[in-house]
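Thanks for making the time this morning. I would like to walk you through one model, taking a sheet, then a pair of domains, and then a pair of helices.

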Amino acid sequence: MAEKNTVPAPPGSPKPGSGSSRSNFDLLGFISTYGVFITLVACIVIFSVLDSDFIEIDNLRTQLGLAAPLLMLSLGLTVVLAMGDFDLSIAGTLSACAAAIVVLIVNHDWPWGLAVLVGVAFGLGIGAINGLLVSYVEMPSFITTLATFLILLGVEYMISDGRNITGAADMPDLYRDLGIGKPEPFTEFTSPVWIAAGLAIILWLLMSKTELGRYMYAIGGNPEAARLSGINVKALRALGFVIVGFVAVIAAVSQTARTASSIPRVGISLLLSAYAAAFLGAAASRQGLFNVPGTVLGVIFLQAVQSGLTILGYDRDILDISRGSILVLAMLLTALGARRR
Amino acid sequence: MTATAPAEAAPLLEVSGITKRYPGVLAVDDVTVSLGSGEIVGLVGKNGAGKSTLIKIIAGAERADEGHLQLNSEPLDLHRPHDATVAGLAFVHQDLQDVGDLSVAENVMMGLGYPRRLGLFVDWAELRRQAAESIARLEAEIDPRQLVGKLSVAQQRLVMIARGLAQQARLLVLDEPSASLTDEEIEHLFAVVRRLRDDGITVVYVSHRLEEIFELTERVIVMRNGQLVADEPTSSLDRGSLITHITGHEHAQTAAERRASRGVGGRPETDVVLEVDGVSADTGVHDCSFDVRKGEILGVGGLMGSGRTEMVRAVFGADHRREGTVQVHGQEIKDNHPSGSMSAGLALLPEDRKTQGNIMDFSVRSNITLASLDRHRVRPKAPVPSPRSEKQAADRRIDRLSIATPHDRQLVRLLSGGNQQKVVIAKWLEQGADVLIFDEPTIGVDVDGKEEIYDIMEELAAEGKAVVFISSEFSELVGVCHRVLVLHEGRIVGELEGDAVSEPAIVEICYSQH
């Protein structure tokens with residue numbers, strides 16, 4: 001049995017060195033704990049100094065609107081990641097639902113409410129299938145959801161023929177409002193921002209305040225110990241995938257209502273950013289756990305960098321390199337912190 | 001140039017004034033000791049006494065704050081584990097550090113540079129030959145081509161010892177090497193250790209099982225609170241004096257004496273709480289039937305692989321029950337899974353606290369309340385845990401079980417083994433089960449910790465709970481249990497009660513089955 005050196009000495013035993021090491025400011029520890037915050041603040045300051053447009057309220061509004069679908073996806077992923085699973089199909093669900101809803105409304109003149117309902121049923125169905133395969137059939141989540149992701153991309157292609165479908169004129173105003181409207185009395189931001197914020201609050205309450213959330217983290221920590229403690233591990237893991245499916249549809253609605261179109265494979269570009277945001281969020285937490293506030297921070301971070309570099313006139317290549325570098329940096333800080341623990 | 005000191009007087013390894021501090025803890029406190037060539041030295045002490053830290057320093061995995069090491073009178077400066085390997089120091093850790101997906105030969109020769117052809121391609125035949133040579137010295141029947149993951153735990157330990165031999169080790173440190181080994185395998189291990197000693201290799205044997213220390217070692221080093229408190233020939237010690245060294249207080253009692261002094265007798269005349277009838281499972285459990293009464297402690301013994309763990313897992317529903325019924329308070333448990341058994345009042349404290357008992361990255365508090373969260377709600381109908389209620393419950397259990405933790409938010413990962421085990425116990429006490437099944441609760445727990453766990457089981461029984469206690473150390477069963485079931489190949493083959501419970505009687509049943 002290994003002695004654990006972090007257990008404090010029993011009372012009365014000598015405590016050498018506790019005086020001197022306490023008084024020194026632990027810079028590395030501070031950086032590893034707050035590294036993501038520090039880098040975010042630094043980025044915001046630098047961008048603001050270089051171009052004052054960056055901190056204009058209009059830019060903030062625009063950027064939050066752009067970031068809303070990404071935030072929704074990232075929040076969904078946070079739930080499955082906390083339980084130790086991956087879901088890659090989320091991008092496929094988003095793409096296929098976006099295409100289906102737009103085609104139903106624009107080409108087939110369906111009432112938008114019905115089209116959205118079909119989308120929600122579709123998303124929940126995909127989530128249930130993923131959950132069934134991963135949780136009950138016990139297939140590995142990474143490869144299983146990669147497979148459903150590929151299938152969904154094919155489905156999307158079948159629906160859209162691989163073309164952009166646009167139809168601002170054919171879309172009811174009420175549907176467009178879900179993407180660009182500013183609901184009374186909250187006219188500061190567009191609907192997707194409010195929807196994403198609501199989703200964040202609900203999932204934050206779920207993950208950090210309820211029994212269900214505690215059980216989900218227990219599953220992520222040790223599924224067998226959780227099962228032997230009487231937690232229904234299979235049902236909760238499956239529920240995670242269903243939540244992801246639902247969230248993907250909400251994101252699809254926000255996206256298509258904002259752009260009044262469906263763009264093929266729209267989800268793919270969001271997929272990697274969503275994972276980056278969730279991992280940034282985990283890096284920002286003290287214990288390295290996936291968590292909702294962290295994910296929100298991660299999304300804001302990624303969007304701030306994208307906006308700042310765009311305003312400064314950098315191209316896509318620099319954008320991608322920067323985002324990748326930020327992720328490496330955040331992980332580096334976390335790893336340094338973990339090594340000291 | 002006349003009288004030279006005898007060879008045995010020149011120590012192999014000298015440890016001088018080694019001190020190691022961690023924040024808030026003096027892990028190793030000015031330890032000086034020397035190890036001669038070709039001796040078997042026992043290293044004992046409670047969890048947290050500093051044994052592992054001292055070993056890590058000798059292994060080059062940790063740097064000492066003060067003091068130095070000498071090998072054959074030459075200063076030994078270790079910066080990383082590889083330096084220790086080169087110096088001829090080999091370590092076999094309790095948690096095996098082999099690679100299951102590689103062959104025995106690859107594992108044995110790992111870190112030595114595989115033999116090559118044309119300077120590029122691994123010469124597999126030569127690799128196997130060299131590995132087989134090391135294995136042959138252990139008189140073990142292990143095919144070098146076999147995958148290590150397919151070997152038994154005992155064979156895997158031998159593979160790790162063979163690696164040390166292949167590295168030309170002069171000092172071999174074995175950390176709890178007998179854990180999960182059968183008696184026969186332990187005998188073979190001892191024979192191996194003695195042969196290595198005869199070849200001039202120094203063996204440091206770390207164990208909590210004092211019988212093994214007395215049987216195998218020639219000298220015993222005892223550590224307590226980071227200090228070396230005894231360094232004596234084994235022959236000058238008896239069990240009582242060794243325990244006194246380890247714990248720092250008088251504490252000598254054999255299992256039979258404990259049984260007598262506690263007045264452990266036959267099963268109480270009370271109602272049956274747990275009734276198991278004809279349980280079978282695909283894990284090798286055949287037609288097991290028994291019952292446990294209120295206030296009774298039922299022991300389950302048997303050799304390694306006799307199906308003790310498998311039987312209680314089937315009873316609890318952790319593994320699927322193919323046949324048979326389980327009743328608690330006369331009510332049959334219909335749901336064949338853990339949550340069903342729990343709501344009926346059954347609890348299983350699993351064998352491996354790290355992989356099955358605790359969520360290691362959860363706090364002490366969250367682990368304690370995990371199985372009873374629905375009783376710590378802010379409002380009875382709202383499934384939201386109340387931090388205040390949780391904290392009260394956790395603090396109460398921490399206090400009652402004397403769990404050594406600075407506060408209830410400490411991560412369980414950071415506690416010692418015995419305290420991690422107490423957190424598992426606390427979780428099930430908090431859950432309020434009527435029947436508690438303890439599967440090997442004292443593995444890796446030191447002398448004092450074991451006694452505390454026996455006390456907890458006795459208190460639970462006194463409160464009217466039914467307790468099932470599984471142990472591979474028969475003396476534990478003798479010291480605590482009213483009645484003992486003996487298993488063999490997944491069947492109950494013997495039952496002892498009251499005065500009939502004794503170590504020889506249990507051993508007799510185990511071995512009369514062959």
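**The sheet in chain B**

Let me begin with an open sheet in chain B, which is formed by 6 strands in the order E6-E9-E10-E3-E11-E12, and whose pairing is mixed. Please keep in mind throughout that this is a predicted model. Which strands lie at the edges of this sheet? They are strand E6, residues 89–92, and strand E12, residues 227–233, of chain B, each of which pairs on one side only. Going from one strand to the next, the twist averages 20 degrees.

At the E6 end, E6(B) pairs with strand E9 of chain B, residues 171–175, in the parallel sense and over 4 bridges; in this region B:Leu89 stands opposite B:Leu171 in E9(B).

Two helices that pack on this sheet deserve a word. Helix H6 of chain B, residues 183–198, packs on the sheet by touching strand E3 (40–45), E9 and strand E10 (202–206) of chain B, and the direction of H6 makes about 150 degrees with that of E10(B). H8(B) also packs on the sheet, where the strands touched are E3, strand E11 (219–224) and E12 of chain B, and the direction of H8(B) makes about 30 degrees with that of E11(B).

**The two domains of chain B**

Stepping back to the whole chain, chain B is divided into domain 1, residues 7–252, and domain 2, residues 257–511, and the C-alpha centres of these two domains of chain B lie 33 Å apart. Their contact takes 13 residues from domain 1 of chain B and 11 residues from domain 2 of chain B.

**A helix pair in chain A**

Finally, let me turn to chain A, where the axes of helix H7 (residues 173–180) and helix H11 (residues 233–259) come within 7 Å and cross at roughly 105 degrees. The two helices H7(A) and H11(A) are therefore roughly perpendicular to each other. Which residues make the contact? From H7(A) they are A:Tyr175, A:Arg176, A:Leu178, A:Gly179 and A:Ile180, while H11(A) contributes A:Val253, A:Ser254, A:Ala257 and A:Arg258. Taken by type, the residues of this contact between H7(A) and H11(A) divide into 5 nonpolar, 2 polar and 2 charged.

Methods. Residues numbered from 1 in each chain as written. Chains lettered and ligands numbered in written order. Predicted model: local features only at pLDDT ≥ 70, side-chain atom pairs only at ≥ 80, totals over all residues. Domains from an automatic or database assignment. Contact = placed C-beta atoms within 7 Å. Axes fitted to C-alpha atoms, helices over the stretch in contact; angles between N-to-C directions. Parallel < 35°, antiparallel > 145°, perpendicular 65-115°, else oblique. Nonpolar A, V, L, I, M, F, W, Y, C, P; charged D, E, K, R; others polar. Pairing = 2+ DSSP bridges.
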